[in-house]
Amino acid sequence: MFILRSTYWFLFNFFVIGFFANDLRGQNAVVVHYNFGHSGEVTYANGPDTIRDLAHHIDLKKTGQPVFFADAPADRKLMGEGALLFKNNAGYNSLQTIDAGGAGFVMEVWAQANSRQDAQQRDKDFKVLAGYGNDSLGYLIGQMGNSWSVLIDGRNAGKNMGTVVPGEWVHIALVVKGRKTIGYINGVKTLEADGSVSHAPAFFNAGAVGRKSSFDGLIYEMRLSKLTEGKFDPRRHLLYNGAQIVQQRQLSVAQQQAMISGVLNTPGVKRVTEWPLSGNQADWLVERIHVPAQVLVQPAADGLSAKLLLTNGLLSREFYISGNIACTGFSNLSDHAEYIRAVKPEARVMIDSTWFNIGGLSGQPEKSYLMDSWLKDLVAEPSAFRFDGIELKQPEVRYPWQQKYNAVHADWPPKGVHVIMHYKAPLYKGDFKKDVEVLVHYELYEGIPVIAKWVTVENKGGVAFTVQESESEVLAVNQDQIKRLHVESDYSFALVNADTEGSALMHYKGTPPAYQVGRSTTDWRVDKEYNTWASHNQAEDRFLGFPHHNLMVSRMPMGPNETVLPRQQFTSFVTFELLHDSDDRERQSLAHRRFYRTLAPQVTESLLTGGITSHDRVELKNFIDQMGELGFERLDIMAWPGISHDNLDSAYVGLWKEIAHYAAAKGIIMGGYELQVASRGRGAAVDCIDPQTGKPGSLFGQSVCVASEWQDTYYPKMWKFFDKTGFMCYTVDGPYHGDVCASLEHPHHHNLYDSQWEQWKQQVRVLHEAQRRNMYAAIPDWYFLNGQSATGMGYREASANLTPQQQLLLGRQYIYDGTWHKAPTMGWMTLQLVGFYTGDPRVGLEPLSQHLDRYEVGLFQHLASGCQFTLRGKRLYDTPETKAMVAKWTNWFKQHRAILTSDIIHIARPTGRDLDAMFHVNSSIEEKGMLVIFNPTDKAITRQMKVPVYYTGITGNAKVTDKDGNISSYAVDAHHEISLQVSIPPGGYAWYVVKE
């Protein structure tokens, strides 16, 4: 990693001591002195109403609309200063006349003619830069065409002072003594002319004055000084020191070249003269792509800037390094789509009460598109944290995981590259924030168009501070790519993802606060800096999908409000960005499911489960015996009574240790239900406090506060219970769903604003520890990116009390709908052999032998979906015939497990009036497809069915084997489909294996 801190501090001390030397020598002669360097912090922000005089408090008053711009003479730019940008009628005028004395005066100004894309066309009219007087009497310095010129009493001085070089800072001075006027450009005399007829006090101004418009450009500093007795020496009496300026420029160039050189010399970074050819001919959803993730750098010829590229052959993220670093490109290499329309900060962090931009460059003239030719004119904001180096590592293991429980093999962590960009505090910050360092992390993975991003804030000083809010990603997105950018984070659970338009089970009172309806960490906003998008009639907005919501910000709905003590750090949540190359729903869904398989590989774990509610030793062991005979792999002690994980009573622990060991001997792991956090109070002292009432209360009934002292007692007991019993499943209900807590007494959070963040972190720690122990973790929430294995495929408790026939068709609807964004193994389903909350004999399937047909259909449809399947009852079979039937299908499932747990192509949703079908696909295994069809009607149905085989990877001919073992060959047509004739009896089903 390359760090520039020592260079910065050398320049800081050199310039502070050196630059002011001339200013101090002439201090007694200064009449007025205006410095615009700290007149703002954000480019294109409006200039202040007044500019303070540094000498005698004769302030300037604004006219028109000058704006701040983050550029200044070389040394001052390094100090984090800027200037004011003038054009048209923009100006500042003194509030009173100023007397420069009769002996003569010196008027001087630091300025730069605009060279940027929005610069006005230069014409022959005189445009005012600075003046002492007005357009008819006194002195005006300005621009006329391509020259710097002077008007004296409204007339041209007769000779131009010098040539305007747009984009270069220039020091201009007029020395007036009696009727003689001498002009200087950068300390060199370039003009002699007669002076004004008047020596009366006059107004001092910058920019437009009278009937004359302002020049188009920047002003950094202006000064008016009286001439003292003695010979005027431009080397000593001007705000310009030629020798020092040369040194400053040399140092500035050296510093910038050192930054670029440091990036080039970073281990792992590859220097190139041009970017590699983009795109990959193979489809990453059909063929595995093994292009390594890499970091490339393309330096400019002068070594003062560079382009940096993160790429894996499927996507690229491009950066421009100049005074700072900014993301200038984000491309999907599969379809060559560009996602970035405007430059934004790399991240934003609120430290205490102040927002800071992390990186970024300003000055883009138009925010609807970005041109490479503009990059050289972009400038670093003085208030932003500055890029300070880069380092490369291997991707981090976000939590422990080992391949287990029939999971698909996956690299963990995924292959790729971890890029860390270091940022130092703005140089002018003199408070404790100078000891703050921000790191922006990127991870890019092999074989998938996904990039991960997060932020750490390090406190290297001696004063604590609070990270009140953070934005780990800020992207100005092209409107046509909004629907092709999927963004989510690992800060993901019920309330932070909740939306008032969703199917949440909560009942809100009035308009809920953000901490109850977070709408996820992905916030699509209107970009306040983007004012040229075409506005549409309000009647059109919904039809168009609100395209003006094209600024994507990844943030927390509330908080984190985390206190960072000296020598500690804050780490944000992780944002993941998946680039789509199509608007097709199935393709986007498959990409999302591949995302989980790659970055949360525990979701592919698959266990056949038997569920029982008994605590009776005999019943439990009989149930385990049947499970062992039939090849079941997990025992779940279900509600009610479930398991009390903090009950360390010796008899209680002894029972479950005995049962767990009995199950383990048959290859079965076990765990049990407990309502743990959400909607379970644990006592007033540790329960969540409602911020509205100040009393115990939660949205989910009454929940315990996970960040209370309850954390210190419950979880140690829970881990001890697991250790003593040998339970290997963390399968609780009501994990932390998001209830906030306004307590000021709980030891693990400070107040309302950090309560969600701290409780989430504890739930994450629990899941990480469960994975470290190689446990299976199924909970009803969305912590998949932190170790959760499964959640409900769909949730409605009332459906468990419907008749078996109703449950069958509803179950297939749950599977069809739930697998658009979940791999089959991410969702659990249960076949109720006995009633749930009811003893109604119409609900269950007991006695099993008398309902064998319905039992078999239920078994088949759940096993054929590949879901996390649980059979819930007191027994799994009651007769040899029942046992044989169950064994037949569990063996069938294990034989075809690889394809059945693969992703589903959605062929036809269950309606009860026609065939419904799902098609598992996996191009990387022998059985590349499994078509499963159901006929819920009372009539036989025969039809020619189009089966899309594109994602099987099969071309030419597909070999199809039906459930009776009959093999047929079918030609794959131009639409990547085969035409298959199917005949399904009333209430029946069929399955077909597809091979190459």
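Is Lys995 buried, partly exposed or exposed, and at what relative accessibility? Lys995 counts as partly exposed, at 22% relative accessibility. This briefing concerns a predicted model. The structure holds 52 salt bridges and zero disulfides.

**Salt bridge of Lys995 and Glu926**

- The side chain of Lys995 meets that of Glu926 in a salt bridge, with an N to O distance of 3.5 Å.
- This pair links distant parts of the chain, 69 residues apart: Lys995 belongs to strand 53 (residues 989-995), while Glu926 sits in the loop between strand 47 (916-921) and strand 48 (929-934).
- Glu926 counts as exposed because its relative accessibility is 60%, and the cut-off for that class is over 50%.

**Salt bridge of Arg341 and Asp527**

- Arg341 and Asp527 form a salt bridge through their side chains, at 2.9 Å from N to O.
- Arg341 and Asp527 are both buried.

**Salt bridge of Lys874 and Glu619**

- A further salt bridge joins the side chains of Lys874 and Glu619, at 3.8 Å from N to O.
- The two residues are 255 residues apart, and their pairing links distant parts of the chain: Lys874 is in the loop between strand 45 (868-872) and helix 15 (880-895), and Glu619 is in helix 9 (residues 617-630).
- Lys874 is partly exposed, with a relative accessible area of 42%, and Glu619 is likewise partly exposed, at 34% relative accessibility.

**A salt-bridge network and a polar contact**

- Salt bridges link Arg317, Glu346, Lys453, Glu473 and Glu577 in a network.
- Lys424 is part of strand 28 (residues 416-424), and its side chain makes a polar contact of 3.1 Å with that of Glu437.
- Lys424 counts as buried because its relative accessible area is 10%, and buried means under 20%.

- An open sheet is formed by six strands in the order 40-39-38-45-44-43, with parallel pairing.
- Strand 40 (669-672) and strand 43 (791-792) stand at the edges; each has a single partner strand, so one side of each has no neighbour in the sheet.
- Strand 44 (residues 827-832) pairs with strand 45 in the parallel sense over five bridges.
- Within these strands, Thr830 stands opposite Thr870 of strand 45.
- Helix 14 (residues 852-865) lies across strand 44 and strand 45, and runs at about 175 degrees to strand 44.

**Cysteines**

- Cys741 is buried, with a relative accessible area of 0%.
- The closest cysteine sulfur to that of Cys741 belongs to Cys705, at 3.9 Å; this is too far for a bond, because a disulfide requires sulfur atoms within 2.5 Å.
- Cys867 also counts as buried, at 4% relative accessibility.
- For Cys867, the closest cysteine sulfur is that of Cys729, and the 16 Å between the sulfurs is too far for a bond.

Technical notes
Residues numbered from 1 in each chain as written. Predicted model: local features only at pLDDT ≥ 70, side-chain atom pairs only at ≥ 80, totals over all residues. Heavy atoms only, no water. Helix = DSSP H or I, 4+ residues; strand = E, 2+ residues; numbered from the N terminus. Buried < 20%, exposed > 50% of the residue type's maximum accessible area, 1.4 Å probe, protein only. Polar contact = N/O pair within 3.5 Å; in protein donor to acceptor, adjacent residues only side chain to side chain. Salt bridge = Lys/Arg side-chain N within 4 Å of Asp/Glu carboxyl O. Pairing = 2+ DSSP bridges. Contact = heavy atoms within 4.5 Å. Axes fitted to C-alpha atoms, helices over the stretch in contact; angles between N-to-C directions.
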